[in-house]
Amino acid sequence: MEADDSRNDQGNAKYTTGPSFSTESDPRQRPNKFQNQPVASGHICHRARKAPRKPPPPQQQQLLHQQRQQSSKQKFTAKVETQNNATQNDQDLTTSLRRLCKKRQLIEDSTGMRNRRRVLNDLEQMLIQWSHSLYPPNYTLPTGATAPTPPSLLSFGSYRLGVHTPDADVDCLVLAPPHVTRDDFFSSWVDILKADGRVSELHPVASAYTPVIKFQMDGVKIDLIFARVGNSQWLRDHSLKKSEKASEEISGDQDRRNSNDVAGEGTATINKGYDGEELQEIMDMELDDTVLVGLDETSVRSVNGVRVAQFLISTVGTSAERLENFRLTLRAVKEWARVHGLYSNVLGFLGGVNWAILVCWVFKRNPNAPASKLLYLFFRTFANWKWPSPVRLSNQLRPPEGVFYSSVNHLTTWNPRENFRDSKHLMPIITPCYPSMNSSYNVGEPQLRRIRDEFWHASKLIDKVYNGKEKWDAMFESNGFFDQHQNYLQVRNITLFSIYCTPVLETLSLYLHIQVKITGASEGLFLPWFGFCESRLRILIAGLESPTTGVQAYPYAKFFHTREDENYVASFFIALRFSNNARQVKFEPLVSEYLHTVNSWSDRVSGMDLTMNLVPQNRLPSFVFSAPVSNVEANKNDVCDADAATLNERDNDVANRANLGCRALKSDEKSSSTEFASPLKKAKLT
């Protein structure tokens, strides 16, 4: 799926949109290319055998090989013009898009940035003191060392890319020396955080797929993960190297700052170019591939979050113009995903790292396009993408040079030809660093269907924006998710039931909603209970997708947080769509696995409740129509952008089996999405 097609737009600028598809037909109706196809059997077709073709001479073979290579380069190389050749319409739309991002408060001011950097500096000093306290009393320094090996604190995710919102958390990695273990991290380090008066909302999750400690320090939300480096000398060299690089780069800080001042106030607020502190953070973040030597699998997943961010930054480069265009495009895409209920790794949609890779894929082929054109090409490309063809930024399938014979050689990479489970992934977005992983393996059939629908609608809408028929605000308006459904399904007090559907024209719509309410009697009870129930909701969504009973699920990736009788409540909604042939739907087998999972949680205590309710549209709570999209709620779903996963291995397997089961049933069934009732179709519930 690396083929590109070029399209002449206004003026002489050429931009690459990716795969060449027809935009006239709806991509949601295309058959899946991995679905089983009938295989002819029972007879053998006999044909006359042709004489073997004589191979060409060696010189001619070499010439043909060179011609094929040249043809391949011409086919897959993006054809772009410089930024200066962008049309006036492109520039005007980019200016209005930047103004809209500021209006929606997607950009943090300098005061907020200084506060984040201060908190990270304080946190690193705390980590150094903690690490030194774990040395044995009789510890002696290695030869040539003047001080104990310190840990390093590295940022990644949206903060490192410079696209975080004022309310977003900061993803950080602790690179610890060999004498510090993960058990120390979740014991003595957690005790230090508990004793610090600046720390609140502390929530360690040691059993997560990528273990994480979530907390807030001086108003800054932090997700902290851990990796132990097996070589103290490597960590000392890394610390020395980053100090030298930072001092060299900061020497040119004043020139860059002056150039930003000349550019004007409006562009400077978008972080146009790097300032001195930002350059130092980038130098601190840089890791070479030898960091993988001696790491266990969990640490490799943790380290890859930093390495992926480093790859994206190196792809974009340090050009102020290109950097601004990439950041502005990614900000707009993430805000669009939040508004339309598509932003959540935990719920099986896409998180920050997924959206960043998709935007970088478009940027890499159009590095000189302005942000408005990049956004246009983004939606045009992925509205017509033939999933499950993977999105790749690189093709590194083997360990990097220098670590091939090390312990990282055994790590598995995403390979659908050799791994059956990989071949069943629906929307593969591959991380660019070894070992390559599918960062979106959580995506199931219901989530992919919603993403396709929203991509398709966005591509049509952005055409109108470019033609002057709509403004950018139309891209970020609510999609009417709660207006197009007339009934909302709710299971209260974990009660199982059946629904009877009889087609009549004057009663209720075939669209229903499940409202899942997660309740905690106090904040201390609510936070861990909410995190557990949220991380298992993919099992519920996959279970509700049942082609055999004629049910399709449409989840909405947003939680509505309220208070009821002093209880903390989070509500989540799933729309259901029924086949025209559906007469009776038994929900007991569809929801039983999820209910069994949450009811079996060993840490559940009194005051932790979960209910599901059937709610008609005229009784929907008012907050679903009036509540603004919260960046905090969206970012809560990104427990770890390193691999976009928070489930442990056992729950990972459960969810994967559920998704594979849905897919198998879908391919075996003869019904298609066109056989499901439209929003205007009516039915009767008794």
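This is a predicted model: local features need pLDDT of at least 70, side-chain atom pairs count only at pLDDT 80 or more; totals for chains, interfaces and linings use all residues.
The protein chain contains 22 helices and 18 strands. It has 686 residues, and 53% of them count as buried. Among contacts between residues at least 6 apart in sequence, 77% join residues at least 24 apart.

Two helices, α13 and α14, were examined as a pair. Helix α13 spans residues 352–365, and helix α14 spans residues 371–382. Their axes come within 9 Å and cross at roughly 105 degrees. Angles of 65 to 115 degrees count as roughly perpendicular, so α13 and α14 are roughly perpendicular to each other. On the α13 side, the contact is made by Trp355, Leu358, Val359, Trp361, Val362 and Phe363. On the α14 side, Leu374, Leu377, Phe378, Thr381 and Phe382 take part. Ten residues of this contact are nonpolar, one is polar and none is charged.

Ring pairs link Trp336, Trp355, Trp361, Phe378, Phe379, Phe382, Trp385, Trp387 and Phe455. Of these cluster members, Trp355 and Trp361 belong to the α13 side of the helix contact, while Phe378 and Phe382 belong to the α14 side.

In total, the structure holds 28 aromatic pairs. One of them joins Phe526 and Phe530, with ring centres 5.4 Å apart and planes at 25 degrees. Planes under 30 degrees apart count as stacked, so this pair is stacked. Phe526 and Phe530 both lie in helix α17, which covers residues 523–535. They are four residues apart, about one turn of the helix. Both Phe526 and Phe530 are buried.

Arginine side chains also meet aromatic rings. The charged end of Arg338 sits over the ring of Tyr343, 5.3 Å from the ring centre. Arg563 lies over the face of Tyr568, and here the distance to the ring centre is 4.0 Å.

Trp336, a member of the ring cluster, is also in contact with Glu454. Glu454 is part of helix α16, residues 445–466. Its relative accessibility is 9%, so Glu454 counts as buried. Besides Trp336, Glu454 touches His340, Leu342 and Asn479, leaving aside residues up to four places away in sequence. Glu454 and Gly341 are 113 residues apart in sequence, yet their C-alpha atoms are 9.6 Å apart in space.

Several backbone features were then considered. Most residues other than glycine have a negative phi, and most peptide bonds are trans. The peptide bond from Trp387 to Pro388 is cis, with omega near 15 degrees. Pro388 is placed in the loop between α14 and α15. Trp387 itself is linked into the ring cluster. Another cis bond runs from Tyr434 to Pro435, with omega near -5 degrees. Pro435 lies in the loop between α15 and α16.

For Asp218, phi is near 50 degrees. Asp218 lies in the loop between β6 (212–217) and β7 (220–228). With 29% relative accessibility, Asp218 counts as partly exposed. For Glu566, which is not a glycine, phi is about 70 degrees. Glu566 is found in the loop between β13 (560–564) and β14 (567–578). At 61% relative accessibility, Glu566 counts as exposed.

Technical notes. Residues are numbered from 1 along each chain as its sequence is written. Side-chain values use heavy atoms; hydrogens and water are left out. Buried means under 20% relative accessible area, exposed over 50%, partly exposed in between (1.4 Å probe, protein chains only). Contact means heavy atoms within 4.5 Å. Rings of Phe, Tyr and Trp (its six-membered ring) pair if their centres lie within 6.5 Å; planes under 30 degrees apart count as stacked, over 60 as edge-to-face and the rest as tilted. A charge sits over a ring if NZ of Lys or CZ of Arg is within 6 Å of the ring centre and within 35 degrees of the ring normal. Axes are lines fitted to C-alpha atoms, for helices over the stretch in contact, and angles run from 0 to 180 degrees between N-to-C directions. Angles under 35 degrees count as roughly parallel, over 145 as roughly antiparallel, 65 to 115 as roughly perpendicular and the rest as oblique. Ala, Val, Leu, Ile, Met, Phe, Trp, Tyr, Cys and Pro count as nonpolar, Asp, Glu, Lys and Arg as charged, and the others, Gly among them, as polar.
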